[in-house]
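Q: Could you take me through this protein model step by step? I would like to begin with the overall picture and then turn to the details.

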Amino acid sequence: MGLERSTDPPFVIRRAEDGDILAAYAVFRRSLGAYLHRLGFIDSPTITDEMVRESWTVRRTWVEHLWRTAAENWVAVDPNGRVVGWAQSAERDGHLELTFFFVNPDVQSKGMGRALLDRAFPRDRAAHRAIFATQDPRALSLYLRSGVRFVTTVVDFAAKPRPTTVTTDLEIEPIMPGPAAIEVIAGIETAILGHRRDIDIAFLLDRRPAWLARRGGKVVGFAFGARGDTVGPLGVLEPDDMPALLAVVENEAAEVGVPELFFSTPLANAVAVDYFLGRGYRIDPFVAAILADDLSMHLDRWIHTNPSYIL
Ligand SMILES: CC(C)(COP(=O)(O)OP(=O)(O)OC[C@H]1O[C@@H](n2cnc3c(N)ncnc32)[C@H](O)[C@@H]1OP(=O)(O)O)[C@@H](O)C(=O)NCCC(=O)NCCS
């Protein structure tokens with residue numbers, strides 16, 4: 001690995017090391033906080049050390065999973081050795097996804113982001129590439145010049161879960177974690193996304209309730225339910241089968257007392273949009289977009305993984 005140095009300011013871009021994880025996470029939280037403040041969603045742009053620590057407790061399992069399984073993981077370091085930028089990607093089955101891309105607010109717009117993105121999200125690393133993107137103009141500008149295109153807007157539909165009934169001919173059953181479960185979910189994911197993500201599905205199966213939907217014995221969909229306010233992903237081969245699985249997830253969340261659910265939903269998924277709006281869900285103002293070089297993903301039958309680190 002060669003270290004590279006930019007001229008102004010003199011920061012160093014290097015591969016992330018294990019000891020960088022908390023500092024990188026702090027960059028993510030501070031950068032996101034400043035972004036949310038710019039959009040008017042939070043009062044103060046300042047994210048204190050205590051706020052970083054609190055959110056780390058909630059999110060560390062995910063962040064550590066993605067850190068351990070990263071394809072590319074790079075940090076920018078200032079002359080005092082402080083981590084001030086972080087870019088990371090995950091590669092699954094020939095598909096590269098940008099998982100984190102953040103620069104500290106006090107050193108943004110100085111070229112650090114571009115240098116990090118070049119390393120963490122190279123064009124030639126995988127057959128296909130995708131990004132779960134904020135609306136930050138600098139991020140969008142860099143992304144759209146890196147070979148990805150707009151696919152769909154994504155919003156969180158939020159509500160307190162309430163019991164509901166959806167008429168369906170599907171047989172929906174809880175799924176037991178294990179290699180067989182991973183294999184059937186991989187089949188659905190490959191049909192919808194074009195790639196499988198065994199390592200993430202294994203991770204999710206250990207942490208969230210999950211169901212398979214069958215018709216005539218054939219698996220036609222799956223759903224990961226809620227633990228805390230996080231839920232998903234859900235995928236079905238036919239869009240009209242989505243409400244039955246959404247209802248299973250919502251019913252279980254209501255039963256275990258989840259206070260509020262956030263379904264990270266591609267607006268291309270018209271059936272899910274109708275379900276949520278028909279049930280009085282509200283649209284969270286944090287709007288994101290999926291950018292990809294593969295425009296053949298079928299996101300009209302998909303609900304994303306929440307938190308929004310991967311599709
Ligand atoms: C996105 C982010 C990581 C980029 O890092 P950065 O160091 O600020 O970015 P850089 O200075 O390297 O590059 C910004 C680029 O956007 C361009 N740019 C800036 N404003 C722009 C605008 N309004 N329209 C188009 N391009 C714009 C700049 O010219 C520059 O491109 P160039 O290198 O070709 O000149 C950083 O700004 C950030 O942390 N933003 C908030 C968090 C966020 O939204 N992250 C994205 C997560 S998906």
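The conversation below moves from the whole chain to single residues.

Q: Before anything else, is this model predicted or what is its origin?
A: It is a predicted model.

Q: How many helices and strands are there in the chain?
A: The chain contains 8 helices and 15 strands.

Q: And what box do the C-alpha atoms fill?
A: Taken along the principal axes, the box is roughly 65 × 40 × 30 Å.

Q: How does the radius of gyration of the chain fit a compact globule?
A: It agrees with one, because a compact globule of 311 residues would have a radius of gyration near 19 Å and the chain has 20 Å.

Q: Which domains is the chain divided into?
A: There are domain 1 (4–147) and domain 2 (157–287 + 294–303). The contact between them takes 9 residues from domain 1 and 11 residues from domain 2. On the side of domain 1 that touches domain 2, there are 1 nonpolar, 6 polar and 2 charged residues.

Q: How many Å separate the centres of the two domains?
A: Over C-alpha atoms, the centres are 28 Å apart.

Q: Let us go inside. What percentage of the residues count as buried?
A: Of the 311 residues, 43% count as buried.

Q: Which residues touch the most other members of the largest nonpolar core?
A: They are L116 and L245, in a core of 87 residues. Helix 7 (residues 242–256) provides the largest share of this core, with 8 residues. Both domain 1 and domain 2 contribute at least three residues to this core.

Q: Why would nonpolar side chains be buried together?
A: As a general matter, they tend to be buried together in soluble globular proteins.

Q: What is L116 in contact with, leaving aside its neighbours within four places in sequence?
A: L116 is in contact with I13, W74, A76, G85, A87 and F101.

Q: New topic: the ligand. Which residues are the closest to it?
A: The closest are Q108, G113, R114, D136 and S141, among 20 residues that surround the ligand.

Q: Which helix gives the most to that shell?
A: Helix 4 does, with 5 residues. At least two residues each come from helix 1 (21–38), strand 5 (95–103), helix 3 (112–120) and helix 4 (137–144).

Q: And what is the shell like by class?
A: It has 9 nonpolar, 7 polar and 4 charged residues.

Q: Now V154. Is it buried or exposed?
A: V154 counts as buried because it has 23 C-beta neighbours inside 10 Å, and 20 or more are required for that. V154 is found in strand 7 (residues 149–159). Beyond its neighbours within four places in sequence, V154 has contacts including S264, P266, I290 and H304.

Q: What is the phi of D93, and what of S109?
A: D93 has a positive phi of about 55° although it is not a glycine. S109, likewise a residue other than glycine, has a positive phi near 65°.

Q: Is S109 buried or exposed?
A: S109 is exposed, because 9 other C-beta atoms lie within 10 Å. S109 lies in the loop between strand 5 and helix 3. D93, by contrast, is partly exposed, with 17 such atoms within 10 Å.

Note on methods:
Residues numbered from 1 in each chain as written. Predicted model: local features only at pLDDT ≥ 70, side-chain atom pairs only at ≥ 80, totals over all residues. Helix = DSSP H or I, 4+ residues; strand = E, 2+ residues; numbered from the N terminus. Rg over C-alpha atoms; globule rule 2.2 N^0.38 Å. Buried ≥ 20, exposed ≤ 12 C-beta atoms within 10 Å, placed from the backbone. Core = buried A, V, L, I, M, F, W, Y, C linked by C-beta atoms within 7 Å. Domains from an automatic or database assignment. Contact = placed C-beta atoms within 7 Å. Near = placed C-beta within 6 Å. Nonpolar A, V, L, I, M, F, W, Y, C, P; charged D, E, K, R; others polar.
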